Amino acid sequence: MKKILIAFLFLLALPCTFAFKQDFSQPVQLDWETHFKGKADMRSPFFALTAMTWKYSYESTVYRNRVAIKLQNDVSIDKTRSWVKWDKIKDLEIRASLLHHEQGHANIQYVLLLEAERVLKNRNYSVNNYKAQISELANQISNYFDTMQRNYDEETEHGSNHKMQARWDDIIQEKIEESRNAMAELQK
């Protein structure tokens, strides 16, 4: 069996003032033609790289010693920095397996989106240092999911260990369901 090597790039974008489209219904569904338009790094040992970004921004209102935030929260695929080595994945089964593994990265990023929405919006912040508190929480969220992404690649051997890939598929699906349920509870 051929080993499939891929890489994943996760970027944290610090708070900014852009408006982002929010879609919490489903993770982005990857496909080779749409999401992998970057030039492949031929020195890389990996067969593909998915570059994703998490961006958040917020508007704050202070009223009666309480801080309310209006959060904009988005994850996206950087199509110009995501790439694939087509010459390495000519076999359709390998191509499908690699895309499935890459989809796992997008699904983890979707969980980050849900959790950031839940955690950042539903905190009591101090009027005196809410900006630092929000930044610290965002960094914690980012670090947690960055570690999850690395563990996913290591444990699945970048998608080539099919038994571990199946295990991670289950883990990711459970995390999606947990996050959706937690969000639903807050909206009651």
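Five aromatic pairs occur in the structure, a pair being two rings of Phe, Tyr or Trp (its six-membered ring) with centres within 6.5 Å. Planes under 30 degrees apart count as stacked, over 60 as edge-to-face and the rest as tilted. One of the pairs joins Tyr152 and Trp168 in an edge-to-face arrangement. Their centres lie 5.5 Å apart, with 70° between the planes. This pair links distant parts of the chain. Tyr152 belongs to helix 3 (residues 130-156) and Trp168 to helix 4 (residues 162-186), 16 residues apart. Helices (H or I, at least four residues) and strands (E, at least two) are DSSP runs numbered from the N terminus. Tyr152 counts as buried because its relative accessibility is 0%. Trp168 is also buried, at 6%. Here buried means under 20% relative accessible area, exposed means over 50%, and partly exposed lies in between (1.4 Å probe, protein chains only). Elsewhere, Trp32, Phe36 and Trp86 form one aromatic cluster.

The model is predicted: local features need pLDDT of at least 70, side-chain atom pairs count only at pLDDT 80 or more, and totals for chains, interfaces and linings use all residues. Residues are numbered from 1 along each chain as its sequence is written, and side-chain values use heavy atoms, with hydrogens and water left out.

The loop between helix 3 and helix 4 contains Glu157 and His158. Glu157 is not a glycine, yet has a positive phi of about 50°. His158, likewise a residue other than glycine, has a positive phi near 55°. Their accessibilities fall into separate classes. Glu157 is partly exposed, with a relative accessible area of 34%, while His158 counts as buried at 18%.

Nonpolar packing was examined next. In soluble globular proteins, nonpolar side chains tend to be buried together. A nonpolar core is a set of buried Ala, Val, Leu, Ile, Met, Phe, Trp, Tyr and Cys residues joined through side-chain atoms within 4.5 Å. The largest such core has 27 residues. Trp54, Leu120, Tyr125 and Ile141 have the most contacts inside it. Two or more residues each come from strand 2 (48-63), strand 3 (66-77), helix 2, helix 3 and helix 4. Helix 2 gives the largest share of this core, 9 residues. A second, separate core has 13 residues, including Phe47, Ala48, Ile89 and Leu99.

Helix 2 also holds Asn107. This residue is buried, with a relative accessible area of 16%. Neighbours within four places in sequence aside, Asn107 is in contact (heavy atoms within 4.5 Å) with Pro27, Ile172 and Ile176.

The second largest pocket has a volume of about 180 Å³. A pocket is an open set of points on a 1 Å grid over the protein atoms alone, where a 1.4 Å probe fits, with protein on both sides within 12 Å along at least five of seven lines. Lining residues have an atom within 4 Å of a point. Grid points are joined across faces, edges and corners, and the volume is the space filled by probe spheres set on them. Helix 2 (92-121), helix 3 and helix 4 each supply at least two lining residues. Helix 3 contributes the largest share, 5 residues. Among the lining residues are Val111, Arg118, Tyr144, Met148 and Glu178. By class, the lining divides into 6 nonpolar, 2 polar and 4 charged residues. Ala, Val, Leu, Ile, Met, Phe, Trp, Tyr, Cys and Pro count as nonpolar, Asp, Glu, Lys and Arg as charged, and the others, Gly among them, as polar.
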